Amino acid sequence: MSTSIDVTAAHWGLIGFVFGVAALCAAVVLTSGMLAPVPEQSVGTLIGEIARDIRNAATGVASAPVENPSMDLDALLAVLTPVLAVIAALLGGISLFRHEPTALPKLAIGLGISAFVMQYAFWMALLICGTVLLVAIVSNIGDILGG
């Protein structure tokens, strides 16, 4: 009589783990700004142009037409990260549902959720900082442009 245990491989969990690692790597690269284009002008000049555009819009002066930005690697990563994270979590869930060994599926779910939360926190921080910057510009628009 044999007492061996029939162990199945966690195929879905392994694939989910790979997707989770890819999602987390994409989130880290996106939040690090490594692939961001080098700005052509200084931050002060850019803030001044934003203030000028706000003033022109408030006074009704027509400005130059806005160009549509092309798709770059940052925009691709911003879309790809949550997609990879959801795929990783779903594959981890499928693996748990199929009663595969639980180590890899739990890691896949954890990595997928971590990548999603990391990107969400990054965008929320950017949104809050941008809002604070715009409020400061609007409240001091007269002093900035000498108007």
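This is a predicted model: local features need pLDDT of at least 70, side-chain atom pairs count only at pLDDT 80 or more; totals for chains, interfaces and linings use all residues.
Val86 belongs to helix α3. In sequence, Val86 stands 63 residues from Ala23, yet the C-alpha atoms of the two residues are 8.9 Å apart in space.

## The chain as a whole

The protein chain contains five helices and zero strands. Followed along the sequence, the elements give the pattern α-α-α-α-α. Of the 147 residues in the protein chain, 18% are buried.

How much of the contact in the protein chain joins residues 24 or more positions apart? Among contacts with a separation of 6 or more, such pairs account for 86%.

The relative accessibility of Thr81 is 0%, so Thr81 counts as buried. Apart from residues up to four places away in sequence, Thr81 touches Ala23, Ala26, Ala27, Ala115 and Gln119.

Asp74 is also found in α3. Is Asp74 buried or exposed? Its relative accessible area is 17%, and Asp74 is therefore buried, because the limit for that class is under 20%. When residues up to four places away in sequence are set aside, Asp74 touches Leu30, Leu35, Ala36 and Pro37.

## How α1 and α3 pack

Two packed helices are described by the angle between their axes and the distance between the axes. For α1 and α3, the angle is about 155 degrees and the axes are 8 Å apart. These two helices are therefore roughly antiparallel to each other, as angles over 145 degrees are placed in that class. Their crossing is left-handed.

On the α1 side, the residues in this contact include Phe19, Ala23, Ala26, Ala27 and Leu30. On the α3 side, they include Asp74, Thr81, Leu84, Ala85 and Ile94. Sorted by class, the contact of α1 with α3 has 17 nonpolar, five polar and one charged residues.

## How α3 and α4 pack

Helix α4 covers residues 103-139, and its axis comes within 7 Å of the axis of α3, with a crossing at roughly 155 degrees. It follows that α3 and α4 are roughly antiparallel to each other. The crossing of α3 and α4 is left-handed.

From α3, the contact draws on residues including Leu77, Thr81, Ala85, Gly92 and Leu96. From α4, the partners include Ile109, Gly112, Ala115, Gln119 and Trp123. By class, the contact of α3 with α4 comprises 13 nonpolar, six polar and no charged residues.

## How α1 and α4 pack

What angle separates α1 and α4? They pack at about 20 degrees, and their axes are 8 Å apart. This angle makes α1 roughly parallel to α4, because angles under 35 degrees belong to that class. The crossing of α1 and α4 is left-handed.

Among the α1 residues that meet α4 are Leu14, Phe17, Val21, Ala23 and Ala27. Among the α4 residues that meet α1 are Leu107, Leu111, Ala115, Met118 and Phe122. The contact of α1 with α4 has 17 nonpolar, seven polar and no charged residues.

In soluble globular proteins, nonpolar side chains tend to be buried together. In this model, the largest nonpolar core has five residues in all: Ala23, Ala27, Leu84, Ala85 and Ala115. Helices α1, residues 11-32, and α3 each supply at least two residues of this core.

Which residues does Ala27 contact, leaving aside its neighbours within four places in sequence? Ala27 is in contact with Thr81, Ala115 and Met118. Ala115 is a member of the core and is also among the residues that Thr81 touches.

## The loop between α3 and α4

His99 is located in the loop between α3 and α4. With a relative accessible area of 70%, His99 is exposed, because that class begins over 50%. The phi angle of His99 is near 60 degrees, a positive value in a residue other than glycine.

Conventions
Residues are numbered from 1 along each chain as its sequence is written. Side-chain values use heavy atoms; hydrogens and water are left out. Buried means under 20% relative accessible area, exposed over 50%, partly exposed in between (1.4 Å probe, protein chains only). Contact means heavy atoms within 4.5 Å. Axes are lines fitted to C-alpha atoms, for helices over the stretch in contact, and angles run from 0 to 180 degrees between N-to-C directions. Helices (H or I, at least four residues) and strands (E, at least two) are DSSP runs, numbered from the N terminus. Angles under 35 degrees count as roughly parallel, over 145 as roughly antiparallel, 65 to 115 as roughly perpendicular and the rest as oblique. A crossing is left-handed if the near helix is turned anticlockwise from the far one by less than a right angle, and right-handed if clockwise. Ala, Val, Leu, Ile, Met, Phe, Trp, Tyr, Cys and Pro count as nonpolar, Asp, Glu, Lys and Arg as charged, and the others, Gly among them, as polar. A nonpolar core is a set of buried Ala, Val, Leu, Ile, Met, Phe, Trp, Tyr and Cys residues joined through side-chain atoms within 4.5 Å.
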